[in-house]
Structure formats: structure tokens, C-alpha cells
Amino acid sequence: MLLIHCPYCEEMREEEEFSPAGQAHIVRPLQPEEISDEQWAHYLFFRKNPRGLHHEMWLHAAGCRKYFNATRNTVTYEIMETYKMGLKPSVTASEEGQS
Amino acid sequence: MSQVNRIAGSSKRINRNRTLTFSFNGKEYKGFEGDTVASALLANGVDVVGRSFKYSRPRGIITSDSQEPNAIFQIGSTQATTIPNPRATQTDLYQGLTASSTNGWPNVDFDLMGTVGKLGGSMMPPGFYYKTFMFPQSLWMSYEHLIRKGAGLGASPQQSDPDSYDKMHHHCDVMIVGGGPAGLAAALSAAQTGARVIISDEQNEFGGSLLCSTQQIDGQHPSQWVEKTVAQLSDMDNVMLLPRSTVFGYYDHNLVGINERRTDHLGEHQLQSTRQRVHKVRAKQVILATGAHERPLVYGNNDVPGCMLANAVSTYINRYDVVPGNQLVLMTTNDNAYKTAIDWHQAGRKVVAIVDTRSTSNGDLVNKVRKLGIDIIFGHGVIDVKGSKRVKGVDVAPINASNHSVTGPAKHFVCDTVASSGGWSPVIHLSSHTGSRPVWNEDIAGFVPGDTVQQQHSCGGLEGVYALSKVISDGFTTGAVAAQAAGKGEGRYAGKSPKTSDPQEDASMALFHIPHSKKTSRAPKQFVDYQNDVTAAGIELANREGFESIEHVKRYTALGFGTDQGKLGNINGMAITAKSLGKTIPETGTTIFRPMYTPTTFGALAGADVKHLFDPARFSAMHKWHLDNGAEFEDVGQWKRPWYFPQPGETMQQSLERECLATRNSVGILDASTLGKIDIQGKDAREFLNRVYTNPWSKLGVGKCRYGVMCKEDGMVFDDGVTVCLDDNRFIMTTTTGGAAGVLQWLELWHQTEWPELEVYFSTVTDHWSTMTISGPNARKVLEKICDIDVSNDSFKYMDWRAATVAGVKARIFRISFTGELSFEINVQANYGMHAWKAVMAAGEEFNITPYGTETMHILRAEKGFIIVGQDTDGSVTPQDLDMDWVVGKKKEFSFIGKRSWTRFDNKRDDRKQMVGLKPKDPKFVLPEGAQIVFEKNQSIPMKMVGHVTSSYYSACMGYSFALAVVKGGISRKGDSVFLPLSDGTTVEAEICSPVFYDPKGDRQNV
Amino acid sequence: MSNSIQVESPLHHAQLEQLIGQSSAGGIVLHEHKLLGHLNLRGNAADAEFLAGVKEALGVALPITPCSSAKSDLAQIMWLAPDEWLIIVASGSEVEIEQKLRTYLTGHFAVSDISGAQTLLELSGKDVIGLMKKSTGYDLHLDSFPVGKVVGTTFAKTGAHILRVSEDRFQLIVRRSFSDYVWLWIQHGSQEYGLTIV
């Protein structure tokens, strides 16, 4: 069970208050009709599954009902940071020397 | 006869004033308060306590702690209170305790399977299970029957557990696991900084190794220091002490799972009390002070009852005043175990010899033994044990450890007890739980905790620090350092360390497996893992067969499996593997220890979340009325919804027919409060609806309602419902009962991540409203009796909503219909729900208003071809598949969610499964829901399946049975026959038709 | 007509009134503050006009620090999220207060009357921490959960907003449909301490 910092409640909370919400920073194409099926499929279905740092969304379901982002190590389960929706991560794989 | 091995000692750990009677395998024995079942059995001279797992050999008690592989019992006197597999060494004795061996069949002293050669033995080499799987399955089945019966892993209770369990959450600065000298010192030092401290220990009292030690602290018996320290800790408000509490798991982000056994030591089933409590501790810092387990040596027939760990023998003598034999042979690789010979000697029993594998030693303890006149044989090992149900003697021979050989003839000694010590293994299990790899420490010939991502410290025996004075000072230091890491104190222990003088010890020998004059494969069985009957020869065989990774050896031989989790045998097994492969131990590595550290009852893990608390049940404000009126209930998500309202003597089908006909012919009433309701406010609310629904919302006027379908981005339907326009910037969206929470999260997801610029807020108001739907030709007549507005068709049209007063209560009435009849959905604030419901019932009495449940609702809507998301759809169905293209906006500016995916190749296929109606050829036959559909009746199996039935009922209104189904290309196949091969072997025929069976023009809802 | 209107709180069926005085020595004390007015308010905490409007309407500044609360004669306000607050007002005044908010507020905001959607349970007593520790994973130590703080968290297998009223007194906002479950849970968790209804 993880301990997760909610950037909106501004404190650590137990994992059971949260729901995972998948990979972060996926942007919906602005003109869906203008792109190919392949590009659309990429947006719809293709997700990263890294061994190491992963940027993912969580929902503080039992708390403030806000979605936010987390940078989590998928091997050690360490959470390096959580940050509000719309912000960029400060810890990224390249900085950690991982791919 | 009674307690033959109990000596007139002076231990304060047992209370001789309180004699307890207990039974083991049907015989009655006596022990004292403070005894474990194991110490009491040894006091009574009971040698054989079980039969081994595979070979069915008689087994005795080997250890005094959580390592015990043999004395694993079935405890409890009834089918409700019986517990499989507690260790006798960890079970406190109580008056009337009933225990039996788990793995003796038919009993431990005379084992039928043992005499005929239990299925196993030579027939069951390592890898038996794997090899057997290669044989035809029929053969495996016949083996399995016997193996299961003989293997004896305990019996589950056959009746419901009468005990109560619960869980508690805690937070602390420093959590200390282990209440021995290191843990107690760490707790004291951490607590003195003001840190919030929790210390737990699996034993019945704190003290750990000091409970059986004779080494003085500050010139006094060690128990004095323990008492004083525990008293100090108890006086501090910031300290929580948890004895009888096993840390079973160490989880991510410093979460520690503890099972506190609160009443197990008092007897079976205590009323009004929690038997076991799981504590979930979230700690800023964790100190592991789990100490070390003594390691046995591996030698021939080392499982004969009477073969024990040296330290266990000392524990029984010093803590329980029990000497488990008369004539001792001690085999050791180190000075430390000489204590056992001294204890045995001082207890007045004979030490036959000390067999030391080293060439010599001049440590303090060795010299003390020399002075006592005890015979020490250096450079030798016990290579074989004689006896079957009790040790009768040993063969001792000179050995050469470096080339693993016996270098001379063996000499026989008569004895009844063999104590062995191969040194100590730090208890690294918990530190391994989160994936930390242990590191081999050559100095102590053992693994210690490796790098970890946890906020974790370790001290004392776990770090390979064994001298008592160093253990205590290590505890003090670690406690202060951990507290500082948690933000408390200066990182130094300010108090004074107690004085204790450690005996000088000579170097020990890293030896695990005693050679025999024969090759290992031919030598008498040398057990490594007693619980799983893994021998040195078995491990070598696994290595020869190509299993070189220690994880593979584990799975092939079962080394370290089961409840044992590699406590007694793992290091020896790894050492034997390493030697057999010509590698070092660190090269071979360890297997990973997993939770639970020791078995934990299911009751403890379930806690209070059982029976009516297993899953929350949600109720509407009218639930009491439904109960009083005989409703049967259906689970819809967590809601309990009325399913149907049987009248006395009615079958379910009769109730449904009555409810359907009453609604179609007069008026029915449904509790629809469980539908999700979301209050949507803001100037961009309309635009937001346009983006998440498939149909357009720009022109929906105030006072109007509209049905909408919601898709996921892949184009598949995931919810539907009616949304009403309260005013230009405000809408109430209704969702399916099961989809309510998911839809709100879905809206929030899009708003928070993609379109934060849209000015709109969503709030759930599901629980605020009680909703009752009155439906049927007389619905208006009922409503107008209790309502203050004009509800005529001219002023209150189909798909309008009106604010009104109903039965004196403010209400919103939606004129929408899920039955196809004239319907009004009355919404009132839920605190008035029961009042309004009763008023409607009273007003409807003259029309025989009939309450109906979810089943009648399902029938009535299916007659109209209205879908239920999740029943008629399954996440792979588009609106087009449902023949609902009318709900798709063609001119919407924004590319709403799901739209783009409909033009994907796969979603444009003509042969997609499409929603249709089915009329069975036999009008009385109700097709089973889920039945598969084929086009050709006569096909070989596997048939080509082209769809399935999603909803199917008998319609009392129409007088025939009907179904909704999805069929490949079904929309263009109306009029065709299809076939449904059923599970009973018959095949029925049905005709594809329109899914709208009743009132296809929709006249009835518009009256 | 209005005289005969029957109003029922979410725990009406539990008939708590009949349990009052049945046991006086319980370590857990439970009281249902039933039928209060509950309003859900949404708005932008960075919008000075919005904040000023709320203050004017309710007589107290909106608590904008995460997990804080505020109180006036008119209302108790709990922070639920950066843009969401729960306003608890006297029974029956919710319509008037909602109207007042709509009068004073301009721009982008939302108010929803949710008085029927939830109830307010107050737990106190000398063993209240024990019961709370069984029910929520949130750290109840005064350093992390001081008086006046409100947290949205899990309560057994449902959720609740919990306000600490004093050292040994908590108010729980519980959803109507889950209130029976919470009532059962409190009874079970209180067994070892004794439960008094007031």
C-alpha cells in the first residue's frame, strides 16, 4: 500500500483514498477527423509500460476528487513527486539515466 | 509420570501456582501458566509430535520459536474453533487446550502409511509433482488422492468462526519490530526524544533472547533489565507496546502489518472480545530488531526425535525449567553453543560429549566447560543418529570440512539428545518483503539486510551483532538515529548503557553439512528442510538434474515452501547448493522471503469486514416500505433494489405478470432513487454536454428533458440517461444506477485534464433526491390528486419537466418514460421520500396502484426495445450497432467523445454484432440469457457462433416470449431464422425481428 | 397539509431516539445532527469577488487553506477541495441561504442543495480514538489532525468528511445511502467500549 501526496490537499494520504487513472500527459488530438486511423489508434490504445520511472494520473477519489500526476518508479514503487494537472514533471527518465 | 522433565528450577517465566490441563492426541497432560504447548509436551516427556510430510518419519520438537518445522498442530476442540497449523512452540498453553498432530495418519505412533512405505519415500523423489504431471492425467488423479490424505496440511474448520476480529490503523515516527535487547534499547532511546514509538514482539512477553539467557546485566539477572525497561516504556504516553503481536509483513512506503493475538492465550472463543486484531502501522522510520535464528547442522538421521537446536535446549531449561532429555551430545561449530552444555550440566543431567567441528578453541565458554570436566572432541562431527522414535545414540567421526570427508573410523556414544549449532542466521525475512536483496556477511557466515528503498534501520542480531553489550548499545544508537530521521532528537542516545561483560569467543567455523563416510546420496537421510522433507541428497539431485538457480532449486525440491518460508533450512540448503555447484554462497544467492512471516488466520485478515459488513449495502429512503410490503431484493452495485413484490402464494413469474399487467392497464410505481444524478452548472454546461454525449444539446430548452447516450473515446456505449434543462446554465444529468460514480469521474476527468477552460461544475446529487416513477394509463389521474400544477397533456407534454408541489412537498416532475406508458418521474428531497411515496400510494389506491421492482421494469422496457447499458451492451457496442443512429448528432461542431472511432475500419464492418429482437418459434419458451446464436442448425462442433441473447422474458401483455439479442449483421436480417443450441443439447429456433415489440409508434407514452 | 408532512433523516429507521438513555457508560457517544441544511458550493478561490460574495452572504470568510473549516452564526463551512466547500446551516434555512448565495455571487460558481443527500454524525467519548482508528487510515494525532481540520477520507468501506470538533469529538458527514452501513459499523466497532446514544 502506497502513501501518496495529494498536491491539492497538500498532504500524504493512504493509497485506499485514491484510484489509479492511467498514463499521464496524453493529449487528445485537437482535430480528430484530420488524423489517420493509425494516429488515432495510437492515441486510443498505445500506452507506455516502462521499467523505471512512469508518469501517471491518480484520482483522489475519497478526498478532493481531483486528478493529479505522479512520477513513480515501477520497480521500487517509490513516488518521486506528485504534481497538479497541467504541470510538467520535474523528475524524468533521462535525468535518472533510465530509458 | 507427570512432567518428568520438569526440574526444580527458578524461572519466573512460568507460574507453578497455576497448573493447566491440556490434551494432545487424545491424552491428557499438565503444564503451567507461561508454558507453550511445546514446553509442556517436552516437560511431559512426549517425544513424537508428528509425522513428516513426505516420508512419514516420526518427528519431535526441534526448536523453541517460529522456526519450528515439526510441531505444527491442529488446535481447538470444535469444528468452529479449530485452527490448522499453529506452531506448538508459539502457542501459549491455556486450560483445556486441545491439540493434535496435523500430519499423522492414522496416528503419530503407528502410521499406516509409514509401515507400507508411504506414497513418497523412495517413490517420491524431489520433483515428484512436476514429473508426475508429465504422465497421463488419469494416473495423477490416483496419486493425488493419497498424497492429499497423507500430506497433512491441517484441516479447515467446518463451521462458521464464532470469533470477532478487527483492524486498526496507526501512524508513528519509529516502529520497532522485535522486543529483544536491541529492540527494547532502540525503543527506549527513540521514545526519549518524544517520538511516537510502537514496539511489537511475537512472544507473550518482551525480552527476546533475554527470556532464556543467564548473562547478567548490571550485575543482575537479565529479566530485571527487561522488566525495568518495559516499565519505563509503559509509562510513556508516546509509546505503544504490542506483545503477542507478529509483524507478518513489511509493505511499501513503510507500512507494517501486525497481527495481535489478543485472546488466543486465554482459551478458545472469548465472548465480547476481539480475538485477533491486525494493526496497520504507517511508520516514518522502521527499525528491524528481529534478531537471529540458530542454524542446525545437517547430519545423518538428524530428524530423529531428540535432535534439537542447541539454543532451543537452553531455552527449555532456562525459561521453562524443562530438560528435554537425560544424556546430551552437543555438536557445534562455535563457542556460543557451549552455553547449552553448561545449562544441561547445571540442570543436573549428563553431558556425554561436546563434538566440536573445529580443531580447537580457547574461548571463555570452552574453558569453563573444560573446568566442569566435560569431554570435548575437536575436529569431529556427529555423522549418524541411531533410534527411530527417540535418539538412542550417535556415531561420531573425525571430519575434514574442506574436502567434505570423514577421515577416520566412527565411535559410538549412547545418548538420548543431540543438540546442534551451526551458528546463527539473521532473521532477514521482513527486510526482504519489499524486494531488498540480502547481502552475505562472511564474518558471521550469514545474510544481513541489503540496500532498500524503505526508511529502514536494523540493529542487533539482524546485523550480525551478537555480543549482548554490543547488541544493547547498537539498539540505543539505532533508536536515536531513527528518531532523528523522523525529525525527533539529536541522533544520539543520552542515557547510560547497562554494564554487561561478554565472554570472549574464538572464531566459529562456516560449516553447514556434516560429511558422512558414504556419499551423500547413499548416506542416511540428512534433512535440510524438515517441514517439506528436503534432504541434502535431494538438493544435490536437483543440481545434477540441471536446476542451478536457487529459485529453481526451491521450486523443484520445495525447499523453503509453505508455512516455513525458509526459516530453519534455507541457508543450509543454499550452502549445499553452492558447494554442489562449485560456487560461493553469495554467488548462489537467496530465494526471496515473502509475507506472511508466520501463518496468519483468515479471520484476522478479513477483520470486521464480514457478514453484513462485508460490503456496504445502500438503501433508498423508501426501503423500509419495501421491506414492510414483502419485496424481494436484487443487488444493483451496492444498492438493494426491490426486485419484485410477491403477494402471498405467488411464484415470481406470477408476480411479474401481475405487476406488468397492472402497469400497462392501470398504474404501477417504481422506486428509481438509485439512478445517478449529477448537478451540472456553469455557462459552458451545454457545450460540455455536447462533447460528452453523442446527441446535440445546444437547443434543449428550459423545462425540457432529453435522452442521451455517452460513449468512451473508442466509440463504445458506456452509459445513458435523461438530462433535464433547469435553466440555461444548469442541467441535471441522470445516469444508470451502476454507472453513477464512474460517470461523475468521467466528466471530472475530461474537465480537469482536457477542457479546464470550460466554465462548468459537477456535483453529485444522487442521494439528495428520492425518485418514484408512476407509469401507466392512470398515472395522470393519480398525480393530479396530489399535485398543485396542471398535468394535462396540453400543458405538461412528453419530455417536459415541471417544478411542482407533490403531497405538500417541493418536487421536480419529469415526464419521461422507460415503460412506454404515460409516466411521471417524481423527485423530492430524500428526507421527504417516504412521505411522498406513501402519499402517491394512497392517491393511487383507487386505481390499484401496483409497486413493481427491477424485474418488471426490465420486462416493460424490453418490450419497448429500450436498452440497459451493461446488460444489452458490454463495452464493445456502438450506437450504430444498437440501431440508434438517431441519437448521434450529425451537425455538432466539436468532435465529441467517441465520434472519431466510429470511422475506424473495424467499427464500419457490416458483420458487426447488431441489436435485434428475437421471437422464439415456441411462444411459451423463454430463451436463456447468454444463449449463443448460430445461422445454420446442422453444424459440426465448434459451431460458428454469430451472437447471443442479451435480455429475454415472457411478456404477459403480449402473450408470448421475446428476447433482445446481438447478431452479426442482424439489422439487415430481420425475418431470418436463427438457431440457439442450448446447454441441454436441444436446439431452438427463433426469428429475427425489430427490437420494439410493444406499441412501436409510441402512442401510449404521449397520451 | 404541511402539518402532516413526515420528514425522515437517513437514520430514521434506526430509531436512535428510542436508544437515548439506554446506556450511559459507553466509551463511544453517538449523536445524529439530523435534518440540517447542507449546501455544496463550487467556485474559484482565486477570485476575490467570489470570496467577498461568500463572506457577505455567510458572515465568514471562505476557508481556502486545504482541509480547514470556518464557522459563523449562520453556517459551518468545510473545505472539500480547492474549488469546493460544504456549508452546513440550520435545519430549513438551506433554501434561504442558497438564495442569498445566488444573490451575492457573480461570475462562475455553483450551489447545490444536498440536504437530503447526507447526514451529520457526531462521535465522541473517551474511547473515540479507538473507534476512529478502526475506521479510517488517516493519522488522528493532534499534530496531524488538529481541532477544526476537516479531511475527506475513507471510513470503513465508505467515505466520509471528518471534522475534528475537539480533542475527543468528531463530526462525520455520511452519505444517506451509506448511513445504515456506517451505523452498523459504529455498533460493531464500539462493542468493546460500549455505545451511548445521545
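1. Helices (H or I, at least four residues) and strands (E, at least two) are DSSP runs numbered from the N terminus.

2. The model is predicted: local features need pLDDT of at least 70 and side-chain atom pairs count only at pLDDT 80 or more, while totals for chains, interfaces and linings use all residues. Residues are numbered from 1 along each chain as its sequence is written, with chains lettered from A and ligands numbered from 1 in the order in which they are written.

3. H2(C) covers residues 94-104, with C:Glu94, C:Ile97, C:Glu98 and C:Leu101 buried. These buried residues line one face of the helix, because they fall within an arc of 100° seen down its axis (the arc of the directions from the helix axis to the C-beta atoms). Their packing partners in chain C are strands E2 (37-43), E4 (75-81), E5 (84-89) and E6 (109-113), together with helix H1 (48-58).

4. Between chains C and B, 40 residues of chain C are in contact with 39 of chain B, contact meaning C-beta atoms, placed from the backbone, within 7 Å. On the side of chain C that touches chain B, E2, E6, H3 (128-135) and H4 (179-190) each supply at least two residues; H4(C) gives the most, with six.

5. Chain B has 24 helices and 48 strands. Of its 1007 residues, 55% count as buried.

Methods
Buried ≥ 20, exposed ≤ 12 C-beta atoms within 10 Å, placed from the backbone. Contact = placed C-beta atoms within 7 Å.
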